[in-house]
Amino acid sequence: IYKPPSGSATAKIFSVIYDASKSSGMGQLLLTGTVVVFFGVIVGCVQAFLDPGTAQDAMTYVAFSCAVIGMVCVLIPTTGMPTWLDPHASADGYALINADQMKQADTTEHRVMMATRVISVLFNTISFQVVYAAMSFFALSACQMNVDIGEGVQINATMLNAADCIAIIIVVPLLDSYIYPWVAVRLGRKPKATEKYMCGIVLSVAAIIVAAQLEVMRRKSPFLSACPDDDEPAFMAPTPSPTDVQDDKFYAKNEGCYSQCAATGVKMSDFSVWWMAIPFFLVGTAECLCNIPIYDLCYTQTPPAYRSLAQAVFLFMTAVGNMLTGAFITALSTYITDDLNDGHLEYFYYLCIVFVCMFIPINLYCFSHFTELDDKIIEDMQDRDVDEGSLLENEIESAAGLHSQMSGASMVSRESRSRTSSGHNRLSTGRKSADMPRYSFH
């Protein structure tokens with residue numbers, strides 16, 4: 001009978017890391033980095049509830065600093081094979097590729113070591129998470145483009161997020177059915193998850209570059225011809241998405257001029273909103289190359305007991321990515337205005353590009369020290385984890401079986417003694433005591 005491993009994987013992995021930290025500086029560094037990152041996330045959540053001002057800005061920078069310092073402290077001890085977690089591991093850890101050696105080395109510390117090595121890959125995905133968080137600003141640019149589709153009807157530019165979804169629907173089958181098999185033939189092996197990720201990073205950078213260029217082109221474009229020449233003051237315009245008759249009259253009078261998905265009183269530029277579908281589509285394609293392979297890696301390269309934890313860490317990096325972009329926005333707040341015509345949103349895009357490009361060498365270094373194990377090794381580890389989870393069940397069943405066998409043997413013994421005793425009694429009644437021979441029964 002096979003049962004899943006029992007107990008908390010989080011408690012188990014932190015227990016092993018804590019024990020290792022008593023004699024290892026790497027363990028102490030990993031625990032410190034984990035605490036610092038979590039502290040940064042808490043600070044980032046708190047600042048979101050503060051009124052705009054110096055205190056909020058200061059907390060934003062504290063959260064950013066904690067995220068950067070914490071990631072460095074986590075990446076150093078987890079890059080490669082963290083042999084400091086397993087005292088019985090070889091110098092490089094990857095020498096235990098032989099199945100027999102893996103079975104001999106199969107301990108809780110060894111499985112925690114195999115799970116911890118994946119953390120460096122998961123933390124390296126912060127570069128794509130920054131791009132994914134920046135995608136929310138694509139809609140800001142799009143809302144000041146020409147969103148009028150005729151007869152006074154405007155689309156909400158956030159609908160262009162559908163291009164991201166359409167990219168996933170189209171690209172995933174193409175990758176699985178044609179591109180990955182073709183690459184496998186050319187390389188003589190399947191492409192690694194980390195290689196797919198780096199291709200996705202290239203596409204994500206291209207998406208941000210396109211978005212920045214489109215914003216520059218939009219701002220240089222004139223307003224729509226329907227806009228009045230007298231440049232009616234913005235405070236006279238109602239908030240977007242009119243809710244009363246006066247609002248309807250205002251937008252009817254200025255039909256085809258003011259955007260109803262942008263800030264109040266913002267005029268539309270004579271630049272088609274459909275251009276913005278390009279960066280959305282590129283990010284969706286990058287997502288197929290970044291997120292999906294990493295989700296798969298969390299499952300195929302992590303011992304079964306720690307797969308959920310690996311997925312949670314990967315999703316946690318999404319929050320860290322939003323925290324970093326929040327710091328970028330605070331630093332460039334003077335350039336990100338309600339009316340983008342008065343600011344320079346492309347500066348935010350440029351800063352995101354710089355961050356991602358600076359992280360590429362770190363990606364390459366960490367990924368070069370990560371070895372994807374053979375499926376047979378992972379399956380062997382899965383069998384051992386399952387056996388460990390069902391150990392108590394098997395012991396109970398073995399004890400019950402032994403008890404049953406012993407009970408059966410006892411019954412046979414009693415029946416044998418009963419029959420022997422009956423024969424002895426018949427012999428005793430058929431003869432006199434003096435004539436009766438002595439029988440010895442064993």
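This is a predicted model: local features need pLDDT of at least 70, side-chain atom pairs count only at pLDDT 80 or more; totals for chains, interfaces and linings use all residues.
Which residues line the largest cavity?

1. The lining of the largest cavity consists of I13, A115, V118, I119, L122, T302, Y306, L309, A310 and V313.

2. Rolling a probe the size of a water molecule over the atoms shows where empty space is left. Here the count gives one cavity of 30 Å³ or more. The space in the largest cavity is about 70 Å³.

3. Two helices, α5 and α12 (307–331), each contribute at least two residues to the lining of the largest cavity. Helix α5 provides the largest share, with four residues.

4. Helix α5 (residues 108–124) also pairs with helix α11 (residues 277–300): their axes come within 11 Å and cross at roughly 170°. Angles over 145 degrees count as roughly antiparallel, and α5 and α11 are therefore roughly antiparallel to each other.

5. On the α5 side, the contact is made by V118, V121 and L122; on the α11 side, I294, L297 and C298 take part. The contact residues comprise six nonpolar, no polar and no charged.

Definitions and conventions:
Residues are numbered from 1 along each chain as its sequence is written. Side-chain values use heavy atoms; hydrogens and water are left out. Axes are lines fitted to C-alpha atoms, for helices over the stretch in contact, and angles run from 0 to 180 degrees between N-to-C directions. Angles under 35 degrees count as roughly parallel, over 145 as roughly antiparallel, 65 to 115 as roughly perpendicular and the rest as oblique. Contact means heavy atoms within 4.5 Å. Ala, Val, Leu, Ile, Met, Phe, Trp, Tyr, Cys and Pro count as nonpolar, Asp, Glu, Lys and Arg as charged, and the others, Gly among them, as polar. On a 1 Å grid over the protein atoms alone, a cavity is a set of points where a 1.4 Å probe fits but cannot get out, and a pocket is an open set with protein on both sides within 12 Å along at least five of seven lines; lining residues have an atom within 4 Å of a point. Grid points are joined across faces, edges and corners, and a volume is the space filled by probe spheres set on the points.
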